[in-house]
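Subject: The structure, and what turned up in it

Hello,

Here is the structure I promised to pass on. Please have it open while you read, as my notes follow directly below it.

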Amino acid sequence: MEFNVATYDAPRRRAILDLLAAYCSSFVELDALFWLPGWQEPEPDEFRAKVRDATRGDRWVVAGNYIRHLDDITWPRAQTVVHLDLGLRTSLWRVLARSWRRSRTGELLWGTNTESFTKHLKLWSREDSLLSWAVYAHITRRPRLLARRADPRWAHIDFVRLRTTTGGNISGVI
């Protein structure tokens with residue numbers, strides 16, 4: 001079974017991922033493969049090779065998006081896509097709370113990276129601000145992901161769209 005958890009709201013996807021990972025042999029967090037020290041982006045071919053390696057087996061779960069890099073790697077082999085489609089207010093609150101916590105605690109992210117809370121207040125800069133990026137993702141990625149449900153190339157995929165984190169049970173699709 002191959003699952004791609006496509007979401008632009010990372011918090012609260014853990015329960016879904018834990019459930020899916022129990023059924024699969026490989027759990028792949030795309031952020032962990034993507035981000036280099038100092039929040040540097042890898043060369044696209046380098047990232048693609050890492051993902052290809054990580055999803056080589058028959059049973060895997062991929063957490064994250066990165067559609068622009070991986071459209072031809074994970075999607076053709078995915079059986080199920082879980083889309084956490086939460087409201088913008090919920091997403092922004094969660095990004096803000098998580099970033100504040102990570103900044104205060106100095107939590108390490110994907111190697112040696114840490115978050116700077118004040119950087120996220122630069123709402124004019126999508127490259128610097130997760131808040132700005134979350135708004136952009138909500139406006140642009142949501143319709144694109146919904147359009148994929150109607151695209152014949154992805155007719156083999158079972159799409160699960162969760163609009164809330166309470167009461168969302170995907171165990172029936174496994």
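Below is what I found, starting with the overall layout and moving on to individual residues.

One thing to keep in mind throughout is that this is a predicted model.

**The overall layout**

The protein has six helices and five strands. From one end of the sequence to the other, they come in the order β-α-β-α-α-β-α-β-α-α-β. Of the 174 residues, 41% are buried. If you take the contacts between residues at least 6 apart in sequence, 66% of them join residues at least 24 apart. The exposed surface comes to about 9,400 Å², and 54% of that is supplied by carbon and sulfur atoms.

In soluble globular proteins, nonpolar side chains tend to be buried together. Here the largest nonpolar core has eleven residues: Val 28, Leu 30, Leu 33, Phe 34, Phe 47, Val 51, Trp 60, Val 62, Tyr 66, Leu 70 and Ile 73. H2, H3 and E3 are the elements that each give two or more residues to this core, and H2 provides the largest share, with three residues. There is also a second, separate core of seven residues, among them Val 81, Leu 145, Trp 154 and Phe 159.

Phe 47, Arg 48 and Val 51 are buried in H3. Looking down the helix axis, the buried residues of H3 fall within an arc of 100°, so they line one face of the helix. What do the buried residues of H3 pack against? Their partners are H2 and H4.

**The aromatic residues**

There are nine aromatic pairs in the structure. A pair of aromatic rings is described by the distance of the centres and the angle of the planes. For Phe 34 and Phe 47, the centres are 5.0 Å apart and the planes stand at 85°, so this pair is edge-to-face. Phe 34 belongs to helix H2 (residues 30-34) and Phe 47 to helix H3 (residues 44-54), so the pair ties together parts that are 13 residues apart in sequence.

Tyr 66 counts as buried, at 15% relative accessibility.

These residues belong to one aromatic cluster, made up of Phe 34, Trp 35, Trp 39, Phe 47, Tyr 66 and Trp 110. Elsewhere, a charge meets a ring: the charged end of Arg 148 sits over the ring of Trp 75, 4.4 Å from the ring centre.

**Two backbone angles to look at**

Most residues other than glycine have a negative phi, and most peptide bonds are trans. Trp 39 is in the loop between H2 and H3 and is partly exposed, at 25% relative accessibility. Tyr 66 also has a positive phi, of about 55°, although it is not a glycine.

**Two more residues**

Thr 55 lies in the loop between H3 and E3, and at 0% relative accessibility it counts as buried. Apart from neighbours within four places in sequence, Thr 55 is in contact with Val 28, Trp 60, Val 62, Ile 73, Thr 74 and Arg 77.

Ala 97 is in helix H5 (residues 88-105). Is Ala 97 buried or partly exposed? Ala 97 is partly exposed, with a relative accessible area of 34%. The C-alpha atoms of Ala 97 and Phe 117 are separated by 9.8 Å, with the two residues 20 apart along the chain.

Best wishes

Methods:
Residues numbered from 1 in each chain as written. Predicted model: local features only at pLDDT ≥ 70, side-chain atom pairs only at ≥ 80, totals over all residues. Heavy atoms only, no water. Helix = DSSP H or I, 4+ residues; strand = E, 2+ residues; numbered from the N terminus. Buried < 20%, exposed > 50% of the residue type's maximum accessible area, 1.4 Å probe, protein only. Contact = heavy atoms within 4.5 Å. Areas by Shrake-Rupley, 256 points an atom, 1.4 Å probe, with all protein chains shown as cover. Phe/Tyr/Trp six-rings, centres within 6.5 Å; stacked < 30°, edge-to-face > 60°. Lys NZ or Arg CZ within 6 Å of the ring centre and 35° of its normal. Arc of directions from axis to C-beta. Core = buried A, V, L, I, M, F, W, Y, C linked by side-chain atoms within 4.5 Å.
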